[in-house]
Each structure stands twice: as C-alpha cells, then as structure tokens.
Amino acid sequence: MDTVKKMWFRFWDGTTGLFAGSKIAKAISSLVIVYLLVCVGLGVYWSIEPSEFSVRDASVTDASAQPVVGAGTMGALVKITETLLEKPGGYLTNDKTPPGLWLDNIEHWEFGVLVQARDMARAMRKDFSRSQSQSTEDVDLAKAEPLLNFNNNSWLFPSTESEYRKSLSLQKSYFNRLLDPQQTDAQFYARADNLNDWLGDVSTRLGSLSQRLSASVGQKRLDTDAGFESSTGDSTQKADDTEIKTSWLEIDDVFYEARGTSWALIHLLKGIEQDFGPTLDKKNARVSLLQIIRELEATQATIWSPMILNGTEFGFLANHSLVMASYISRANAAIIDLRELLSQG
C-alpha cells in the first residue's frame with residue numbers, strides 16, 4: 001500500500017510540476033475561469049421564467065380584427081409552445097452541457113408547461129375541432145398532437161426541439177386556417193361538454209400536484225383509492241395507512257413543475273374565457289372561471305428566497321410547497337364547481 005501511495009504522489013508531483021508557473025497553465029486556468037463565469041451568467045439569465053403574454057394579442061393576426069371562435073384557445077396553445085422553444089436559452093431539458101445541464105428548476109418548469117400543452121393538443125384533436133364522435137379529425141392536429149408527445153429529453157436523432165417545432169408548425173397551420181373565413185375545413189366547437197372533458201383532465205393534474213406539494217413535510221394517508229365500495233379493489237394489496245414524503249432533493253422540482261403548470265393554465269383558461277363566453281354566461285359560470293384564473297395567478301408571485309424553503313407546517317421557516325399547494329387546491333376546487341355548473345342543463 002505504501003508503494004502505491006509513493007507512486008501516486010510521484011506521478012502527481014511530476015504532472016503538476018510540468019505546468020506550474022508556465023504560460024500554458026495560466027492560459028488554461030484563465031480560460032476555465034472565464035468559461036465558468038460565462039456559464040454562471042447565462043445560467044442566471046436562462047433561469048428567469050417567461051412573463052405572461054396577452055392572449056387577446058395572440059389570438060389575432062391583425063390588431064384591428066375581431067377574434068374568431070377558437071382563436072383564443074388555439075392562439076394560447078401556439079404561443080405556449082412557441083415560448084417553450086424560444087424563451088432565453090431555448091428548450092433546456094435535453095441540454096447535455098453547462099449551463100443548461102445545471103438548471104433543473106427551469107427544466108421542471110418546462111415539463112409543467114409541456115404537460116398542459118400536450119393535454120390541450122389532445123383535447124383540440126379529439127374534442128374541440130370535431131362536431132361529434134363520428135366526424136373526421138383535423139389533419140394538422142392529428143399530426144401535431146403525437147409530435148408534441150415525443151420524448152422530452154432527446155438530444156439528437158432526432159432532437160426534442162426539432163419534433164416540437166414540427167408540431168408548432170402544424171398548430172400554426174390549423175390556427176391560420178381557423179382565422180381564414182375562406183377555409184371552412186378548420187372548425188372549433190365551443191360546447192359545454194367539450195370544455196367539461198378538458199377541465200376533467202386539468203382537475204386530475206392539479207389534484208396530483210397538490211398531493212405531491214403537500215407531501216413536502218410528510219403525511220400519513222389512508223388508502224382512499226378504492227373508495228367506500230366493498231366491491232372495488234386494487235390489483236395488488238396495499239397498506240391501509242402509509243406515510244408519504246417527497247424527498248428533499250425533489251421538493252424544488254415539484255414546486256417549479258407546479259409553477260410551469262399554472263403559468264400555462266392561466267393562458268389556456270383566458271383563451272377558454274374568450275371562446276366560451278356565451279356558454280359560460282348561459283351557465284352563470286364566467287365568474288367561476290375568473291376565480292380559477294385568479295388563484296393560479298397567485299402562484300406566479302415573485303420568489304424572494306434564494307431557495308425553496310421546506311419548513312414545517314407551523315414552524316419558524318416558511319414552506320413554499322404548502323403555500324403553492326394551497327393555491328393549487330383552491331383552483332382545483334373551483335374547477336370542480338365549474339364542471340358542476342357546466343353539466344347542468
């Protein structure tokens with residue numbers, strides 16, 4: 001063992017002595033320092049979350065034009081997908097080099113946005129653009145939806161960005177046909193049942209996020225998956241009482257995924273308000289939708305802490321995850337109420 005140590009120290013001393021005080025060593029050190037400083041600066045800039053955009057502006061191509069039915073929802077989806085690809089640093093989740101490799105918070109923000117874009121693209125393909133279950137799906141949306149569901153972490157052959165850009169191009173094709181009165185093959189059906197189906201997906205997503213955020217401090221939960229029907233069972237036996245706790249390494253990941261989800265939903269719901277206005281008014285449901293948007297807007301407040309804190313429920317330090325869970329849960333409760341209103345005759 002002593003012989004191995006001596007050989008290692010000789011090798012180390014010889015290697016360091018080769019460059020010590022030389023111009024090569026100084027040049028390499030300077031380049032490394034400059035590279036790290038540039039990476040840190042870019043990392044800070046790329047980590048800035050995109051601000052909200054005007055859905056009204058995104059739904060028209062001419063400032064003097066009036067939006068057509070469907071332009072608000074589809075315009076919001078197009079702009080969300082575009083922002084995902086064109087924000088500072090571009091799409092970062094599949095980056096394999098610094099600084100993108102280090103920016104896990106903005107990557108989880110991207111995933112939250114992506115999930116909502118995928119859900120809306122699916123709803124556009126199977127519901128909003130079709131008059132009934134036996135009608136033909138739109139050719140552009142039929143191609144755009146699977147492209148947006150491509151692996152979100154593919155670097156090359158093909159890259160994630162290239163597939164998402166193809167989806168964005170097809171989304172814009174449908175959007176432009178929707179705005180063109182001469183194109184009658186692109187339609188949007190603002191019916192209460194279509195909206196109710198999409199809101200059901202949103203409610204499921206928010207419910208899951210709320211549970212994961214609340215688990216930041218650890219919770220003992222009863223198994224409520226089977227409900228109260230004795231005939232309902234699980235495929236495998238589960239404990240009646242389990243302790244759920246999000247790992248401290250994943251707390252900020254879940255938090256930023258919720259931020260991204262909420263950011264995307266704010267714009268999609270504003271598009272829904274624009275397109276489904278008469279339907280919402282008929283059901284006296286517009287104020288319920290506005291309340292959902294208000295709850296989600298509260299999730300976008302500035303984070304003044306340099307890190308996501310994870311204090312206990314009534315402890316000395318704040319718990320950002322529980323605050324986020326509160327807003328998400330209230331928005332989800334409002335969505336459940338809105339769905340009840342939409343389902344009434």
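How many residues does H9 have, and how far does H9 reach from its first C-alpha to its last? H9 has 25 residues and reaches 36 Å between those two atoms, close to the 36 Å expected at 1.5 Å a residue. The expected span is 1.5 Å times one less than the number of residues in the helix.

This is a predicted model, in which local features need pLDDT of at least 70 and side-chain atom pairs count only at pLDDT 80 or more, while totals for chains, interfaces and linings use all residues. Residues are numbered from 1 along each chain as its sequence is written, and side-chain values use heavy atoms, with hydrogens and water left out.

**View 1. The chain and its elements.** The chain has 12 helices and two strands. Helices (H or I, at least four residues) and strands (E, at least two) are DSSP runs, numbered from the N terminus. From that end the order is α-α-α-α-α-α-α-α-β-β-α-α-α-α. Of the 345 residues, 44% are buried. Buried means under 20% relative accessible area, exposed over 50%, and partly exposed in between (1.4 Å probe, protein chains only). Contact means heavy atoms within 4.5 Å. Among contacts with a separation of 6 or more, 74% join residues 24 or more positions apart.

**View 2. Helix H9, enclosed.** H9 covers residues 251-275. In H9, 22 of the 25 residues are buried, so the helix is largely enclosed by the rest of the structure.

**View 3. The largest pocket.** Its volume is about 440 Å³. The search uses a 1 Å grid over the protein atoms alone: a cavity is a set of points where a 1.4 Å probe fits but cannot get out, and a pocket is an open set with protein on both sides within 12 Å along at least five of seven lines. Grid points are joined across faces, edges and corners, and the volume is the space filled by probe spheres set on the points. The lining of the largest pocket comprises 19 residues; lining residues have an atom within 4 Å of a point. Nearest the centre lie Ser-47, Ile-48, Glu-49, Tyr-256 and Arg-259. Helices H2 (23-46), H5 (104-128) and H9 each give two or more residues to this lining. By class, nine lining residues are nonpolar, six polar and four charged. Ala, Val, Leu, Ile, Met, Phe, Trp, Tyr, Cys and Pro count as nonpolar, Asp, Glu, Lys and Arg as charged, and the others, Gly among them, as polar.

**View 4. Leu-296 in helix H11.** Leu-296 is found in H11 (residues 286-297). Leu-296 is buried, at 0% relative accessible area. Beyond four places in sequence, Leu-296 touches Ser-262, Leu-265, Ile-266, Leu-269, Ile-328 and Ala-331. Ser-329 is 33 residues from Leu-296 in sequence, and their C-alpha atoms are 9.9 Å apart.

**View 5. His-320 in helix H12.** H12 spans residues 320-343 and contains His-320. This histidine is buried, with a relative accessible area of 19%. Leaving aside neighbours within four places in sequence, His-320 contacts Phe-255, Ser-305, Met-307, Ile-308 and Leu-309.

View 6. Seven of the 10 residues of H6 (residues 139-148) are buried, so H6 is largely enclosed by the rest of the structure. They are Asp-140, Leu-141, Ala-142, Ala-144, Glu-145, Leu-147 and Leu-148. These buried residues pack against H4 (71-86), H5 and H7 (160-179). Asp-138 lies in the loop between H5 and H6. Asp-138 is buried too, at 8% relative accessible area. At the start of H6, a side-chain oxygen of Asp-138 comes within 3.0 Å of the backbone nitrogen of Asp-140. Not counting residues up to four places away, Asp-138 touches Ser-129, Tyr-174, Arg-177, Asp-185 and Ala-186.

View 7. The Pro-98 to Pro-99 peptide bond is cis, with omega near 0°. Pro-99 is in the loop between H4 and H5. The Phe-157 to Pro-158 bond is also cis, with omega near -15°. Phe-157 lies in the loop between H6 and H7. Its phi is near 55°, a positive value in a residue other than glycine. At 79% relative accessibility, Phe-157 counts as exposed. Asn-284, in the loop between H10 (277-282) and H11, has a phi near 55°. Asn-284 counts as exposed at 63% relative accessibility.

Terms used
A polar contact is a pair of N or O atoms within 3.5 Å; within protein, one must be able to donate a hydrogen and the other to accept it, and residues adjacent in sequence count only if both atoms are side-chain atoms.
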